[in-house]
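Thanks, everyone. I'll take one chain today, starting with the whole fold and ending on one residue. Have a look at the screen.

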Amino acid sequence: MSTIIVTDSACDLPDAFVEQNPIKKLPLNIYLNGETFPDKTTEAERLAIYQKGSLSREHDASSQPSSVDDVYHYFLDKIAVQHDFAIGQTVSKARSPNFENWQSAAGLVQRDYHKLRAAGGRTGSFGIRIINSGTMFTGQGILAAHSCKLIHDGIGRNQLRREIEDFKLKIRTLAVPRDVAYLRERARKKGDKSIGFLASLVGKTMDISPILRGYQDVTEPVVKVRGREAAVNRMFTYAMHRMNEGLCTPYIVVSIAGDPLALEQFEKFREMKILAKAKDIRVMTTVMNLSGGINMGPDTVAISLASDNEVLDV
């Protein structure tokens, strides 16, 4: 049986990992300076967009969900005719209507796939399940990476969904934006009240860097740190604490809305890589997806891992 994981393009994973594993990305739509396009960008293309300053505050930008029709045709034309079972994983339903659109499309795909599948010479049924990841960006990356591990381990389709649903509750996602004013403005335009308290920080001091957590459909600031470098280092220190206790999957995903080489400037990132190597944990770095960059701002750093420990000692 051929099983595939389908995420939306808000999922942060290196291009090479996606190409080497049973993962496909269904594009979100990006609106930028009067133009709308599906986000099929590569890491190199996203980096060029960040380096040109195309997502700075003066630019009009937003991310938009895939329509039901987009999702329907993607699964019908590209997935159902090539695979036997697909698990769709969307960005948190609290941040986008994507989950609802995928759910609606899935029912239509199940209704209509038979003729196309037969015409393509594929026998047997096609199954599709849609999962709300409850997380975002690097968290989606961890979920997809672990899902692939389960597939490679030979987990059957019925058990696969149950294990993924259980695993997503263990995903810990943190992010540090560079510009609090940018984050506040994008949240205001989107009508996102989950991080509204950040407005109170702007004007008092621009040296405050909040650490944000995305967990089970809630995005919230969990601590305020003086200085971005200190905040990012605390995030990587948190990751090392969880690594020393033992992770639930041998992956950590780190993304930055900019050049991943810039991560090397952070002392605790360098220490985390050394510890990960000693513990046989794969640290995957990537250029943040455009939806994340638009909503969180250029130079935002995000990290996700999976741990049984719910303590947030950052």
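Start with overall dimensions. The chain has 314 residues, and a compact globule of that length would have a radius of gyration near 20 Å. The chain comes in at 19 Å, so the value agrees with a compact globule. Keep in mind that this is a predicted model.

Now the box. Along the principal axes, the C-alpha atoms fill roughly 60 × 50 × 30 Å.

Secondary structure next. The chain has 10 helices and 13 strands.

On to burial and surface. Of the 314 residues, 54% count as buried.

Charges, briefly. There are 41 positive and 37 negative charges in the chain. Their mean positions lie 2 Å apart.

Let's go inside. The largest nonpolar core has 28 residues. Which residues have the most contacts inside this core? They are Phe236, Ile252, Val254, Met272 and Ile303.

Which elements build it? Those giving two or more residues include four strands: β8 (171–176), β10 (218–226), β11 (251–256) and β13 (301–306). Two helices are on that list as well, α8 (228–245) and α9 (267–278). Helix α8 gives the most, with eight residues.

There is also a second, separate core. That one has 24 residues, among them Leu13, Phe17, Val18 and Ala145.

Phe236 sits in helix α8. Is Phe236 buried or exposed? Its relative accessible area is 0%, and under 20% counts as buried, so Phe236 is buried.

What does Phe236 touch, leaving out residues up to four places away in sequence? The partners are Val254, Leu263, Phe266, Lys268, Phe269, Met272, Val301 and Ile303.

Phe236 and Lys268 are 32 residues apart along the chain. Their C-alpha atoms are separated by 5.7 Å.

Phe236, in α8, has a relative accessible area of 0%. I'll stop there.

Notes:
Residues are numbered from 1 along each chain as its sequence is written. This is a predicted model: local features need pLDDT of at least 70, side-chain atom pairs count only at pLDDT 80 or more; totals for chains, interfaces and linings use all residues. Side-chain values use heavy atoms; hydrogens and water are left out. The radius of gyration is taken over C-alpha atoms; the globule rule is 2.2 Å times the number of residues to the power 0.38. Buried means under 20% relative accessible area, exposed over 50%, partly exposed in between (1.4 Å probe, protein chains only). Lys and Arg count as positive and Asp and Glu as negative; His and the chain ends are not counted. The place of a charge is taken as NZ of Lys, CZ of Arg, CG of Asp or CD of Glu. A nonpolar core is a set of buried Ala, Val, Leu, Ile, Met, Phe, Trp, Tyr and Cys residues joined through side-chain atoms within 4.5 Å. Contact means heavy atoms within 4.5 Å.
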